[in-house]
Amino acid sequence: MFTVGVKFCGNCNPQVNTVALLQKIKEILPEAKFVSWEKEAKDALLILNGCPVGCALRPDFKGPTVVVAGHSVDRKSVKTDDLLFYVNEKIKKK
């Protein structure tokens, strides 16, 4: 099992439902434990921004980080239907 810290933006202009996205990620990654980004013990960091602005500040974390900003994953634009797939792949690789 590995631990993923999760940080959300303020969701002021969401194009993506980040709460629903996280729930789907949890369903397809049962081997991962998802915790608040503020927890010190984590293997990776997932930052979920509801729009392309990506305003959620990046905390000082030295490990692997996956950033969703609207319909992009780590600055790569993806189709809405493929968002879950790309996030899943990125987390598994990290």
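**Figure 1. The largest pocket of the predicted model and the residues that line it.** The lining of the largest pocket is formed by Gln15, Val16, Asn17, Ala20, Leu21, Lys24, His71, Thr80, Asp81, Leu83 and Leu84. Helix 1 and helix 2 (83-93) are the elements that give two or more residues to this lining. The largest share, three residues, is contributed by helix 1. The space in the largest pocket amounts to about 160 Å³. Sorted by class, its lining holds five nonpolar, four polar and two charged residues.

**Figure 2. The buried face of helix 1.** Thr18, Leu21, Leu22 and Ile25 are the buried residues shown in helix 1. These residues line one face of the helix, because they fall within an arc of 100° when seen down the axis of helix 1. In an α-helix there are 3.6 residues a turn, so residues three or four places apart point the same way. The cover over the buried residues of helix 1 includes strand 1, strand 2, strand 3, strand 4 and helix 2. On the face turned away from the buried side, helix 1 carries the exposed residues Val19 and Glu27.

**Figure 3. The buried face of helix 2.** Within helix 2, the residues Leu83, Val87, Asn88 and Ile91 are buried. Seen down the axis of helix 2, its buried residues lie within an arc of 125°, so they line one face of the helix. The packing partners of these buried residues are strand 1, helix 1, strand 3, strand 4 and strand 5.

**Figure 4. Strand 1 and its pairing with strand 2.** Strand 1 is largely enclosed by the rest of the structure, because five of its seven residues are buried. Strand 1 and strand 2 run parallel and are joined by five bridges. At one of the paired positions, Phe2 has Ala32 in strand 2 as its bridge partner. In a regular strand, the side chains alternate between the two faces of the sheet.

Figure 5. With a relative accessible area of 34%, Glu31 is partly exposed, since a residue counts as buried under 20% and as exposed over 50%. Leaving aside residues up to four places away in sequence, Glu31 touches Met1, Phe2 and Lys92. Glu31 and Thr3 are 28 residues apart in sequence, and their C-alpha atoms are 8.9 Å apart in space.

**Figure 6. Asn49 and the pairing of strand 3 with strand 4.** Strand 3 (residues 44-49) and strand 4 run parallel, with five bridges joining them. Strand 4 (residues 65-69) is mostly covered, as four of its five residues are buried. Asn49 is found in strand 3 and stands opposite Ala69 in strand 4. The relative accessible area of Asn49 is 1%, so this residue is buried. Not counting residues up to four places away in sequence, Asn49 touches Cys9, Thr18, Gly54, Cys55, Ala56, Arg58, Val67, Val68, Ala69 and Gly70.

**Figure 7. The largest cavity and its lining.** One cavity of 30 Å³ or more is counted in the model. The largest cavity holds about 40 Å³ of space. Its lining consists of Cys9, Asn11, Cys12, Asn13, Pro14, Asn49, Gly50, Cys51, Gly54 and Cys55. By class, this lining has five nonpolar, five polar and no charged residues. Among the lining residues, Cys9, Gly54 and Cys55 are also in contact with Asn49.

**Figure 8. Asn11 and Arg75, two residues with positive phi.** Asn11 is not a glycine, yet its phi is positive, near 55°. Asn11 lies in the loop between strand 1 (2-8) and helix 1 (18-28), and it is also one of the residues lining the largest cavity. Its relative accessible area of 29% makes Asn11 partly exposed. Arg75, likewise not a glycine, has a positive phi of about 70°. Arg75 is located in the loop between strand 5 (72-73) and strand 6 (76-77). The relative accessible area of Arg75 is 84%, and this residue is therefore exposed.

Technical notes: Residues numbered from 1 in each chain as written. Predicted model: local features only at pLDDT ≥ 70, side-chain atom pairs only at ≥ 80, totals over all residues. Heavy atoms only, no water. Buried < 20%, exposed > 50% of the residue type's maximum accessible area, 1.4 Å probe, protein only. Pairing = 2+ DSSP bridges. 1 Å grid on protein atoms, 1.4 Å probe; cavity = no way out; pocket = protein on both sides within 12 Å on 5 of 7 lines; lining within 4 Å. Points joined across faces, edges and corners; volume = space filled by probe spheres on them. Nonpolar A, V, L, I, M, F, W, Y, C, P; charged D, E, K, R; others polar. Contact = heavy atoms within 4.5 Å. Arc of directions from axis to C-beta.
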